[in-house]
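The following questions and answers examine how two ligands are held by a protein chain. Each answer works towards the value or name requested.

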Amino acid sequence: MVVQPAVAAAPVPHLDSRPQHVAIIMDGNGRWAEGRGLSRQEGHRAGAENLRVVIERFGQHQVPVLTLFAFSTENWGRPRAEVDGIMRLAGRVIDREMTALHETGVRLCHIGDLEGLPKGLQKRVKAAVERTAGNTGMTVNLAFNYGGRADIVAAVRTLVAAGATAEQITEEAIAAHLTTAGQPDPDLLIRTGGEHRISNFLVWQAAYCEYHFTTTQWPDFGPAEVDAALVEFSRRRRRFGLVPGEPGRGG
Ligand code: IPE
Ligand code: IPE
Ligand code: MG
């Protein structure tokens with residue numbers, strides 16, 4: 001007898017074009033919880049439980065790179081109990097989810113300042129990154145203790161420390177020293193939770209990406225919302241500063 005899942009997964013809609021890299025600002029955990037009379041920590045827990053289905057759905061859409069903003073450099077300024085709760089939760093989520101992600105071929109990368117994290121969490125993140133390094137499926141960048149400006153400053157410092165001249169500080173050189181080096185820039189940036197801002201996420205890499213804002217709080221952002229964001233993206237006409245249909249200068 002074949003056991004059917006309780007809720008059959010909706011068929012994956014056809015897309016004429018799909019992003020090579022989707023970045024998500026997973027916002028709204030606190031408000032999701034407060035609206036239900038729960039603690040903010042319950043919201044973070046529900047948000048963490050949502051990760052697997054969303055990653056799976058992007059995998060079904062064959063999106064090669066997914067970046068998830070889970071904790072910003074500014075989030076350290078939150079009340080101590082909330083920060084401690086998020087750090088503990090992050091460790092538990094890695095323990096709980098890594099085997100399943102590894103088995104589906106996900107390659108986990110970390111972007112941001114790993115050294116600034118509690119030692120135990122650093123070890124877990126490093127172990128998960130190493131364990132999945134040889135996987136050839138979707139790349140999932142976990143942006144944890146990430147700040148876009150800090151990313152740019154670190155890249156420039158690395159170049160300067162290596163003796164780069166002023167002429168050698170180029171866009172290509174900076175991009176090659178960001179934590180996302182070697183990956184395509186995001187084509188689509190999704191923010192849940194209703195705010196229309198970037199909050200120091202991939203400020204360099206998002207220069208030409210498309211934005212999708214939804215009022216849905218992160219714990220409620222499911223496969224249907226993933227589909228809707230990708231369908232909307234496939235209808236966008238990207239111009240990159242050019243005039244469509246006209247040859248460029250010299251072209
Ligand atoms: C996003 O949800 C998670 C983190 C920033 C760690 P929030 O905690 O920002 O939730 P809201 O925006 O207060 O609802
Ligand atoms: C952005 O959300 C950071 C993450 C989702 C990890 P915030 O809730 O920290 O951003 P602001 O404070 O609304 O700008
Ligand atoms: Mg928020």
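Q: Which residues are around ligand 1?
A: In this predicted model, a residue counts as near a molecule if one of its heavy atoms lies within 4 Å of it. By that criterion, the residues around ligand 1 are M26, D27, G28, N29, G30, R31, R40, H44, A70, N75, R78 and I86.

Q: How many residues of the shell around ligand 1 are nonpolar, polar and charged?
A: Gly is counted among the polar residues in this classification, and the shell around ligand 1 includes G28 and G30. Divided by class, that shell has three nonpolar, five polar and four charged residues.

Q: What is the distance from an oxygen atom of ligand 1 to an N or O atom in the side chain of R78?
A: Several side chains place an N or O atom by an oxygen atom of ligand 1. For D27 the separation is 2.8 Å, and for R40 the separation is 3.0 Å. For the side chain of R78, the corresponding distance is 2.7 Å.

Q: What percentage of the area that ligand 1 exposes when taken alone does the protein bury?
A: An oxygen atom of ligand 1 lies 2.7 Å from a side-chain N or O atom of R78. Taken alone, ligand 1 exposes 380 Å². Of that area, the protein buries 87%.

Q: Which element gives the most to the shell around ligand 1?
A: The space taken by ligand 1 is the largest pocket. Two or more residues of the shell come from each of α1 (29-34) and α2 (40-49). With three residues, the element that gives the most is α1.

Q: Which strand gives the most to the shell around ligand 2?
A: The shell around ligand 2 includes F69, A70 and F71. The strand that spans residues 65-72 gives three residues to this shell, and the strand giving the most is β2.

Q: What percentage of the accessible area that ligand 2 has on its own does the protein cover?
A: An oxygen atom of ligand 2 is 3.2 Å from a side-chain N or O atom of D27. On its own, ligand 2 has 390 Å² of accessible area, and the protein covers 78%.

Q: How many residues apart in sequence are the parts that the pair of E195 and R31 ties together?
A: The side chains of E195 and R31 meet in a salt bridge, at 3.3 Å from N to O. E195 lies in the loop between β5 (188-191) and β6 (210-213), whereas R31 belongs to helix α1, so the pair ties together parts whose separation in sequence is 164 residues.

Key. Residues numbered from 1 in each chain as written. Chains lettered and ligands numbered in written order. Predicted model: local features only at pLDDT ≥ 70, side-chain atom pairs only at ≥ 80, totals over all residues. Heavy atoms only, no water. Polar contact = N/O pair within 3.5 Å; in protein donor to acceptor, adjacent residues only side chain to side chain. Areas by Shrake-Rupley, 256 points an atom, 1.4 Å probe, with all protein chains shown as cover. Helix = DSSP H or I, 4+ residues; strand = E, 2+ residues; numbered from the N terminus. 1 Å grid on protein atoms, 1.4 Å probe; cavity = no way out; pocket = protein on both sides within 12 Å on 5 of 7 lines; lining within 4 Å. Sits in = over half its atoms within 2 Å of the grid points. Salt bridge = Lys/Arg side-chain N within 4 Å of Asp/Glu carboxyl O.
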